[in-house]
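Visitor: Hi! Could you walk me through this one with me asking as we go?
Guide: Happy to, ask away.

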Amino acid sequence: MTAPTQQKLKVHGPVVVTANRLRDGAVVYRAALGGWTTDLEASAIVHSAEDAKKLLAAASEEGLDAVGPYVAPVDTAGGRVMPGNLREQIRVAGPTFDLPGTAIR
Amino acid sequence: MYVYDNFDRTLLAERVSEFRDQVGRRLSGALTEDEFKPLRLMNGVYLQLHAYMLRVAIPYGTLSSAQLRTLAHIARRYDRGYGHFTTRQNMQFNWIKLSDLPDVMADLAETGLHGMQTSGNCVRNVTTDQWAAVAPDEVEDPRIYAEILRQHCTMHPEFTFLPRKFKIAVTAAKHDRAAIRVHDIGLRMHKNGAGEVGFEVVVGGGLGRTPFVAKTVKPFLHKRDLLSYIEAILRVYNQYGRRDNIYKARIKILVHELGAEKFASEVETEWQSIKDGPLAIGPELIADVASHFKYPTYERLANEPIELQRARSIKPQFGRWFRNSVSPHKQPGYSIVTLSLKPEGAPPGDATAEQMDAIADLADRYSFGEIRVGHEQNLVLPHVPQRDLPALWEALDAIGVATPNVGLVTDIIACPGLDYCSLANTRSIPVAQELTRRFKSLDAQHSIGRLHVNISGCINACGHHHVGHIGILGVEKNGEEFYQITLGGRADEQAELGALMGPAVPYNEVADVIEDVVAAYVELRERPEELFVDTVKRLGVEPFKDRVYAAR
Amino acid sequence: MPLVKNLRIVEDPFVRVLDEAPVADDAAVLVPAARLTADAGELLQRGGRTGVIWPNNRNVAELAPYLDRLDVVALTFPKFQDGRAYSQARLLRERYGFRGELRATGQVLRDQFLFLIRAGFDAFEVTKPADAEHFAEAARRYSAFYQPAGDGRGPASRKQLAEAAAG
């Protein structure tokens, strides 16, 4: 979970390009049809460093909608698209505990 | 607390207006992210895993009840109903939208709050002792000098683009509750042989990748010279701090590479040219700043009023809380009350909007409308009449901020970690939560005694793990969360970095390991009063390492 | 890259001469530090004006002998976040008493204008034309300043504001 922008690009398995939406910081994914989506299932999935770089380059051009794009692993084993590591799970589902005020005291 | 005048309000209003313009230009594309990022950072706006995070400055950890209500309002209106108090006495909101931020800043400004310089390569919040102005062992109120520094460093034209962030802390008490020796500049107010109050200046402390304890560069600096001397330090740093490598850009690296003596002499040379210029502080400036601080008009009260004695004798729970969370005040008949934000199972240092509002009301009723934030991520009501302690306790208990664990093993300092932070390698909050569950017995906690546990989710050390009695640092190994344990660190006037105990342990074993470490301490201590940190000092980490790793 | 002086976009009378080319007697030129230190005598006794482009990692004390004959000192911001030239500017104005044109070059963006002015710069090679057009507006954004600096504004303005509010 080293910050992804500090890592060299290595692709072992399916990956997506993800970022944060400019206006509200929400987690978004580069969509298969171009642009950005909040739905991981609708994201463009690639399998090589070459393709990942292309996707990243296209994503980085549009600084108006999303900020800080990087390549993140996904897990497609179960037939669905799931986040591929703990950091990406947390970005999808939020912190791994009840937020204050929501827990039953 | 410091009350804004027209000048301060004007500057803040102009800042709000500037930021609104900058956000507008970012959203329209007139500013790229690279151009916008340093600007938003200088207003405390980060981009984290889930959303933008706003860090609101709480100068030297002092809040009015009105300000605390404003923070509650921001939490409710623009966030998810809670906020987090940080290790630098600030507040963080984790779910803010960029598009809302101009309005957030405007709302904050109504009670003199802002996010100015809580990030960026500039001088950050000048922190101090959460017991400032009320601690019995203090020479003077350090917040006056923290405020003088705050003003001087706010939008300083020369020092807004430093090589890296810059953190200053001030203490004026015998016991350093502000961790000055792990700051870029630490200032220790004390009296010299002639009875004059001045500052010992230490420079180059810091945690993170290359932790250092600060070195003394000036044993005694007169009040008059405070600003010119700090200016000289900043100017030397601005010119000679490294700009080629962000991991080597803090002043601690410059001090280390030059050596403390050479560094001090560079500063001295620069200082000689400016010390008698417009930065010389006259008594009028000090009086002017001090006059903006509101001090309570204390009643003449006796210590140990009957209400207090009675409550202690008939309510054991109150007595336990009193012994743990209430500290002596310099004014007879008054107390300093710590509000624990570390209840069992909860993320350390968080408070809901409801709690904030309730605490603001209690501050109005029992503490002259004033609240303090400590770097341990707890709150303080600094001026409570002793006769009101029983009633206050009932009210605090009802809102969940009276856990009598202050300074004990479950009073954990933790960074937000991977659950929130884009820099993190591992989670820290769930580790803290599990530890509070393992050690939930108050009897056990009291028999263990004072024990500071600090957890950082990455090497940036925002949880100050290097100076924890027990330090826990999250590292990543093959995509899994592992944790290194250090022992024997201290943040106070005897500041020291902890020593590594052994190989990192996986996430699901951390709580077990900490239980073993504490059990080893109980076994090894010379007598119950020997603190954990002193046992480690006496014996080193080996005996702990042996016991912990024997079964693993 | 438009040049802004006195809150307006102006023509730059100076030409950069970055090599060893000879300089006409009446030409207004900006030369790099190495050229100045090598040819100071010759350059500075001409009729034409001389300015130097000074790197941000070199001590401005070296300029002291030339300051009374230099018309321009151009300081450098390789990236706008590299703030070393702010210290250089203040030292030139406040310690060495430089009265000529102090020019900001490199990456000079709108949100730094006020800091630059306060540090003592009075000429700006502005990176983006749109920023240059908004210079006057950006320069007026703040009226309150907490500290004294190279432009003479500081705590004195605090007192004035308080008086203005009271009166």
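Visitor: What covers the buried residues of H2(B)?
Guide: This is a predicted model, and in it the cover includes strand S4 (66-75) of chain A. From chain B, the cover includes helix H1 (6-27), strand S1 (45-47) and strand S2 (52-56).

Visitor: And which residues in H2(B) are buried?
Guide: They are B:Glu33, B:Glu35, B:Phe36, B:Pro38, B:Leu39, B:Arg40 and B:Leu41.

Visitor: Why is helix H2 of chain B largely enclosed by the rest of the structure?
Guide: Helix H2 spans residues 33-41, and seven of its nine residues are buried, so the rest of the structure largely encloses it.

Visitor: Staying in chain B, where is B:Met1?
Guide: B:Met1 lies in the segment before H1 of chain B.

Visitor: Buried or exposed, that B:Met1?
Guide: B:Met1 is buried, because its relative accessibility is 7% and the cut-off for buried is under 20%.

Visitor: What does B:Met1 touch, not counting residues up to four places away in sequence?
Guide: B:Met1 touches B:Thr62, B:Leu63 and B:Ser64, along with B:Arg143. Further along the chain, its contacts include B:His292, B:Phe293 and B:Lys294, and also B:Gly369 and B:Glu370.

Visitor: Switching to chain A: what's its secondary structure?
Guide: Chain A has two helices and five strands. In sequence order, the pattern reads β-β-β-α-β-β-α.

Visitor: How much of chain A is buried?
Guide: Of its 105 residues, 46% are buried. Chain A has an accessible surface of about 5500 Å², with 52% of that belonging to carbon and sulfur atoms.

Visitor: What about its contacts between residues at least 6 apart in sequence?
Guide: In chain A, 56% of those contacts join residues at least 24 apart.

Visitor: Now chain C, how many helices and strands?
Guide: Chain C has six helices and eight strands. Along the sequence they run β-β-β-β-α-β-β-α-β-α-β-α-α-α.

Visitor: And what share of chain C counts as buried?
Guide: In chain C, 54% of the 167 residues are buried.

Visitor: Last one: what share of the chain C contacts with a separation of 6 or more is between residues 24 or more positions apart?
Guide: For chain C, that share is 47%.

Key: Residues are numbered from 1 along each chain as its sequence is written. Chains are lettered from A and ligands numbered from 1 in the order in which they are written. This is a predicted model: local features need pLDDT of at least 70, side-chain atom pairs count only at pLDDT 80 or more; totals for chains, interfaces and linings use all residues. Side-chain values use heavy atoms; hydrogens and water are left out. Helices (H or I, at least four residues) and strands (E, at least two) are DSSP runs, numbered from the N terminus. Buried means under 20% relative accessible area, exposed over 50%, partly exposed in between (1.4 Å probe, protein chains only). Contact means heavy atoms within 4.5 Å. Accessible areas come from the Shrake-Rupley method with a 1.4 Å probe; for residues, only the protein chains shown count as cover.
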